[in-house]
Amino acid sequence: MGGSTGVAVVSTVAASGIESGSIGGFTNAFTVCALAAAASAAVALGLVPRGKPQLTGGPHVH
């Protein structure tokens with residue numbers, strides 16, 4: 001669902017630039033994608049725990 005939302009946003013940004021008669025909409029759409037990727041990377045780096053993971057011993061079998 002997140003991918004379809006992203007495609008809808010980028011398509012809307014690109015189409016708004018095309019309606020005005022220039023190709024700048026694609027540049028704007030690329031900028032939106034780059035900003036979304038940078039924001040996602042920053043959030044992902046913030047969510048990764050710091051330090052080494054704790055080892056509990058042997059293998060875990062269910």
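**Figure 1. Burial across the chain.** Buried residues (under 20% relative accessible area, 1.4 Å probe, protein chains only) account for 6% of the 62 residues in the chain. The model is predicted: local features need pLDDT of at least 70, side-chain atom pairs count only at pLDDT 80 or more, and totals for chains, interfaces and linings use all residues. Numbering starts from 1 along each chain as its sequence is written, and side-chain values use heavy atoms, with hydrogens and water left out. The accessible surface (Shrake-Rupley method, 1.4 Å probe) of the chain is about 5,300 Å². Carbon and sulfur atoms hold 70% of that surface.

Figure 2. The chain has 2 helices and 0 strands. These are DSSP runs: H or I of at least four residues for helices, E of at least two for strands. Helix α1 spans residues 2-19 and includes V7. V7 is exposed (over 50%) because its relative accessibility is 53%. G6 also sits in helix α1. Its relative accessibility of 32% makes G6 partly exposed, the class between the two cut-offs.

Figure 3. G6 and C33 lie 27 residues apart along the chain, with 8.4 Å between their C-alpha atoms. For V7 and C33, 26 residues apart, the C-alpha separation is 9.6 Å.

**Figure 4. A nonpolar surface patch.** I18, I23 and F26 form a nonpolar patch of about 320 Å². Patch residues have over 30% relative accessible area and no salt bridge, with nonpolar side chains joined within 5 Å and like charges within 9 Å. A salt bridge puts a Lys or Arg side-chain nitrogen within 4 Å of an Asp or Glu carboxyl oxygen. I18 belongs to helix α1. At 43% relative accessibility, I18 is partly exposed.
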